[in-house]
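I opened the notebook today to look through this structure piece by piece. Here is what I looked up, in the order I did it.

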Amino acid sequence: MSQIETFYDVMRRQGITRRSFMKYCSLTAAALGLGPAYVPKIAEAMETKPRTPVIWVHGLECTCCSESFIRSAHPLAKDVVLSMISLDYDDTLMAAAGHQAEAALMDTIEKYKGNYILAVEGNPPLNEDGMYCIVGGKPFVEQLKMAAEHAKAIISWGACASYGCVQAASPNPTRATPVHKVILDKPIIKVPGCPPIAEVMTGVITYMLTFDRLPELDRQGRPLMFYSQRIHDKCYRRPHFDAGQFVEHWDDENARKGYCLYKMGCKGPTTYNACSTVRWNDGVSFPIQSGHGCIGCSEDGFWDQGGFYNRLTTIKQFGIEENADQIGMASAGVVAAGVAVHAAVSALKRAQKKSQDKVED
Amino acid sequence: MSDATIHTPNPQAPQPMEAARLTGDATAEDIESIRKRTSVYVYEAPVRLWHWINAAAILVLIVTGYFIGSPPPTMMIGEAYQQFVFGYIRFAHFAAAQVLTVGFFFRIYWAFVGNHHAKQMFYLPIFNRRWWSEVFFELRWYLFLEKEPKKYVGHNPLAQTAMFFFITLGLNFMLATGWALYAEGAGQGSLPDMAMGWLLALVGNSQRLHTLHHLGMWAIVVFMIIHIYAAIREDIMSRQSIVSTMISGHRTFKDDRVE
C-alpha cells in the first residue's frame, strides 16, 4: 500500500459513476442539514482526502467489541473497513498473522506518524510488569504505548478500554487499567458498552472521517450523540415506570404485559447509552425489549455494583453485603434504641434528683 | 456555684401582676418565680419559618425518597396513560427538594443579615480551646457524668457541632448529589446540569451517586431521631426552654444563677 486511496477512488473502483457520486454528495449534505453550497465541498473532500489509517489493538478483552462491530448495519462494517477507513492492523480481522502482522503495525506507525487513529479494544493489565497480557511476545502495555505515541486520536472501544470492565473487578488481581489512565497525552474518545452498539461504533468512526475531527464529547469523554441520554429517558416502557406499574417477579402477569423492570434491578435509569433508540442487530431489539433489565454495561464500575437484579446497590465496605436501606435502617435502629435507653436513664436520674432535692429541703 | 443572681434587683418596682394576684390567678410563689425567669429573643421569625418549612420538606423527601428506591406495590388503577403514581411520588420529591434548596439559600442569606444566633450553625470555633472543653462538658452531661447542664442562649457546643455536620454539611451534600441526579433527567446543557453535572462525572456511575444520596438520607434520619429526642429531653431537663423557642423565638431560663 504505497498510495492511500481517496474515498472517491474507492467508490469509482466499486463501479459507482461520477453522477451517482455527486448525488451521494448532495444527499449527504441534505442529511447533515447543510445547504447546496456544501455539495462541491463534500465532493472535493471525498476526492482529495486520503482514507484515514486505523490501527486496532487488542488487550485484555473478549473480542465482543469486534463481534459487535462486524454486525453493523448502518453503515455496514464492510463499507467502513473496506471503503471508509484503511484498517491497517487488527490482529483478529486481518489476513496477516505473526511477524507479518507485527510488520504491518510498525509500517503503519512509521508511515503515518501523527495521522492514524488508534482503536483500543480491551485494556492493559499493569501488575507484574504487564505480563498478564502478551501480544507478539511483549506485554500489551508496551504495544499500546508505542502505538499511542504517534496516534492522532485514540478510540477506547467498550467498557474494558473505557473503564476496566470485569477484569478490573475488585480486587482486580491483574491491575487491569483503562486506557485513559495509561495514555495521558492524547485525545481519547470512550465508546463504552459491553460491547458497544455496532452502529455506535461505526457511527463514531464515520463521524471522525467525514468531519476530520472528534465528535462532541460529554464530561466523561463519551460521544454526546450516542451517550447524552439514559436508556431510561427513551425507554418504551417508561410510561409504566411513571404509572408505578412494575414487574414484581420474573414470571408474573406484569412481566407478560411488559411493565417496567425497575424493581427487577433494571439499570436503565442510571445508564447512558443508545440501546433504547438505536437498538441492536439492525434495530431488532434490546435487552429491556426482550424482558430483561439493563445491566448498565456502559457505565463505569457496573461490574462492582452488586446484583444485576437488585434496585439498590450492594455495599461491601462494612464486611457484609448490605444495601443502603439495610445499613440505614440498622443505624437508625441502633440510634433509636440508644435514644430509648438514654431517655429511660434520664428519667431515672431525674426522679432520683427530685427525691434528693426533697430530702435536702 | 454561688447564690448570686445575674438579675439586677429593682426594689423600687411596684408589686407585679396586681390584677392576676388579686383574682387568685398568681400566687406569691409564682411572683417569686417570675422574678427569676427571663427570656432572650434568639430565633427570629425567618429562622423559625425556615426551620419548620425545612422540617416539612425533609419529611416529604425522606418518605418519597424511600419509595423511589423501593417503589410501592404495583397499582392497577387503569392503563399506564391513566395513572401517574410513581410520577407523582417523584414529583413530590423534586418539588420538596426545590423548596429545600430555595430555603437553604435563604438561610445562608439570613446568616448574613440576621442576628448573631443565625450564624451559629455555619461555623465551628475549632481554634478556641475553651469551646472544645465546653463540647466535652456537654458530652459528659449526656453521659450522666455532670449533675447539671450549663445555660446556653443559642446552641450548646455539642448541638452546634451536630447542626454543622448534619445540616450545614449534610444538607449541602444532599442538595449537591440530589441536583446532580436531577440533572440526568433535566438533560445535558440544562441549568441543573451546568450547576451540578460535574459531580456525576466525578463519581463516575450514576448508580454509585444514587447510593451516596441514599446513605445521606439515612444520615438525616439518624439526625432527626437524635435532634427530636435531644430537644424534648433538654426542654424537660435543661435549665432553659428548647421546643417552644423554635415556635416563639424566645429562650426562657428557669433560674437566675450566674453559670
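I started with strand 1 (residues 52–58) of chain A, which pairs with strand 2 of chain A in the parallel sense over five bridges. A caution for myself: this is a predicted model.

Next I asked which order the strands of the open sheet in chain A take. The five strands run 2-1-3-6-7, with parallel pairing. I noted strand 2 (85–90) and strand 7 (188–191) of chain A as the edge strands, since each pairs on one side only. Neighbouring strands of this sheet are turned by 20° against each other on average, direction ignored.

Then I looked for helices lying across these strands. Helix 7 (residues 140–149) of chain A lies across strand 1, strand 3 (117–121) and strand 6 (153–157) of chain A. I found helix 7 of chain A running at about 165° to strand 1 of chain A. Helix 9 (residues 198–211) of chain A lies across strands 1, 2, 3, 6 and 7 of chain A, and runs at about 155° to strand 7 of chain A.

**Over to chain B**

I counted nine helices and two strands in chain B, and along the sequence they read α-α-β-α-α-α-α-α-α-α-β. The radius of gyration of chain B is 24 Å, well over the 18 Å that the globule rule gives for 259 residues, so chain B is more spread out than a compact globule. Its C-alpha trace spans about 75 × 50 × 35 Å along the principal axes. Buried residues make up 22% of the 259 residues in chain B.

I stopped at helix 4 (residues 85–113) of chain B to check its length. At 1.5 Å a residue its 29 residues should span 42 Å, and its end C-alpha atoms are 42 Å apart, which agrees. The buried residues of helix 4 of chain B include B:Phe86, B:Ile89, B:His93 and B:Leu100, with B:Arg90 and B:Arg107 also among them. What covers them? The cover includes helix 3 (45–69) and helix 6 (157–186) of chain B, together with helix 11 (238–243) of chain A.

**Where the chains meet**

Key:
Residues numbered from 1 in each chain as written. Chains lettered and ligands numbered in written order. Predicted model: local features only at pLDDT ≥ 70, side-chain atom pairs only at ≥ 80, totals over all residues. Helix = DSSP H or I, 4+ residues; strand = E, 2+ residues; numbered from the N terminus. Rg over C-alpha atoms; globule rule 2.2 N^0.38 Å. Buried ≥ 20, exposed ≤ 12 C-beta atoms within 10 Å, placed from the backbone. Expected span 1.5 Å × (residues − 1). Contact = placed C-beta atoms within 7 Å. Pairing = 2+ DSSP bridges. Axes fitted to C-alpha atoms, helices over the stretch in contact; angles between N-to-C directions.
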